[in-house]
Amino acid sequence: MPPIGEFHPVIVHFVIALGIVGIGLRVISLFPFGKFARSTATVLILIAAAASALAVQSGTDAHGLAERIPGAREAVQKHEHQGEDARNILLGVAALELAALFLRKRESLARGLMMASAAVGVVAAYYVYEAGEHGGELVYSYAGGVGTRTGDTTDVQRLLTAGLFHQARIARDAGRKAEAARLTETLVMQHPNDPAIALVGIESQLKDKADAAGALAALRTLQGPADQPMFAVRRGVMISDAHVALGQKDSARAVLTALATKFPDSRGVKAAMEKLK
C-alpha cells in the first residue's frame, strides 16, 4: 500500500463520527422503539471498523516527522497505542455485527450478539474518544503536523511565525519584556518586507522597549495594503497609543476621532476611545 499519511486527519474523523453514531444507534436498536436503527447501525460500525484500520496505517505513515519534534515522541507513541487499541476493539464489534447479520434468522441469538456488540461498542467508543483526544493534544500542544505535514517551506515558515508571535505575547504578559522584544526582533527578521509583521515589531518597540517616540516615527512612515482596513485601524490605534505614552492625549484623541469617522463600525477604535476616556 502506498503511504497514506497525508489522509490521516480525514480518515480519523470518519472513524470518530461513524463509529460513535453507529454504536449509539446499536444501543438504541435494542429498545422496542429502536428497531429502525438495526441495519444502519451495522453499516456504520462496519465502515468505522474498516476506516479504523486505515487510520492506524495512515497514522503510522505520518508519525515519523511528528516523532522527531523534541519532546513529542512519548505523546506520539501514546496516541499510536490508543489508536491501535481503538482499532482492535472496533474490529471486534464489527465481528459481532457480522455474526448477528449472518444469524439474523435466529432472532434470540442475533439479539444476544447485538447486545454484546452494544456493550463492547461502548468500550470502543471510549477508546475512540481517547485516541481522538490525544491526537488533538499531539496536534495542538506539540504542533505534531501543524505546518509540517505537507513539507512545504511556506507552511513551516507560518509555524515559526505563529510560535514566535505567541511566545513573545506570553513573555510580554508575564512581564518579561526583554524576552518579548528579542523574540519579536527574530520574527521581524524572518519577514523583512511584511507590513503586518513590521507592525508587530513596532508594537514591541512601544510596549517592550518603551520607545514611544521611535515607534511613532516608524508608524508614520509605515505603509500597509490599501485593501485591508484592519491594518489601517491597528496602525491608527497604535499611533494613538504612542501619543498617549508621550503624554499627548489631545493628539491621541484627534487620531482616534479621524479613525472613528473613517471606520465607524470598528470595535477596536471604539475600545481605544473608551480607554482614552
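L199 is buried, at 0% relative accessible area. Buried here means under 20% relative accessible area, exposed means over 50%, and partly exposed lies in between (1.4 Å probe, protein chains only). L199 sits in helix α7, which covers residues 195-207. Helices (H or I, at least four residues) and strands (E, at least two) are DSSP runs, numbered from the N terminus.

Beyond its neighbours within four places in sequence, L199 is in contact with L219, L222, F231, R234, R235 and M238. Contact means heavy atoms within 4.5 Å. Take L219 from that list. L199 and L219 are 20 residues apart in sequence, and their C-alpha atoms are 7.8 Å apart in space.

## Basis of the model

This is a predicted model: local features need pLDDT of at least 70, side-chain atom pairs count only at pLDDT 80 or more, and totals for chains, interfaces and linings use all residues. Residues are numbered from 1 along each chain as its sequence is written, and side-chain values use heavy atoms, with hydrogens and water left out.

## Overall build

The protein has eleven helices and zero strands. Its radius of gyration is 28 Å, well over the 19 Å that the globule rule gives for 277 residues, so the protein is more spread out than a compact globule. The radius is taken over C-alpha atoms, and the rule is 2.2 Å times the number of residues to the power 0.38. Along the principal axes, the C-alpha trace spans about 85 × 45 × 35 Å.

Buried residues make up 37% of the 277 residues. Among contacts with a separation of 6 or more, 58% join residues 24 or more positions apart.

## Surface and charge

The protein exposes about 15,900 Å², and carbon and sulfur atoms supply 62% of that area. Accessible areas come from the Shrake-Rupley method with a 1.4 Å probe; for residues, only the protein chains shown count as cover.

There are 30 positive and 26 negative charges, and their mean positions are 6 Å apart. Lys and Arg count as positive and Asp and Glu as negative, while His and the chain ends are not counted. Each charge is placed at NZ of Lys, CZ of Arg, CG of Asp or CD of Glu.

## Two nonpolar cores

A nonpolar core is a set of buried Ala, Val, Leu, Ile, Met, Phe, Trp, Tyr and Cys residues joined through side-chain atoms within 4.5 Å. The largest has 16 residues, and V15, I23, L90 and A124 touch the most other members. Elements giving two or more residues to this core are α1 (8-29), α2 (38-67), α3 (73-102) and α4 (107-142). The largest share, five residues, comes from α3. L90 touches V15, I23, A48, A49, S52, A124 and V128, leaving out residues up to four places away in sequence.

A second, separate core has twelve residues, including L199, I202, L206 and A242. L199, the residue that opened this report, is in helix α7.

## L187 in helix α6

L187 lies in helix α6, residues 177-190. It counts as buried, at 1% relative accessibility. Apart from residues up to four places away in sequence, L187 touches T161, L164, F165, I197 and V200.

## Loop and helix alanines

A37 and A210 both have loop positions. A37 is in the loop between α1 and α2. It is buried, with a relative accessible area of 1%. Leaving out residues up to four places away in sequence, A37 touches L25 and S29. A37 and A125 are 88 residues apart in sequence and 18 Å apart in space, C-alpha to C-alpha.

A210 is in the loop between α7 and α8 (212-221). Is this alanine buried or exposed? A210 is exposed, with a relative accessible area of 64%. A210 also has a positive phi of about 55°, although it is not a glycine.

A62 belongs to helix α2. At 32% relative accessibility, A62 counts as partly exposed.
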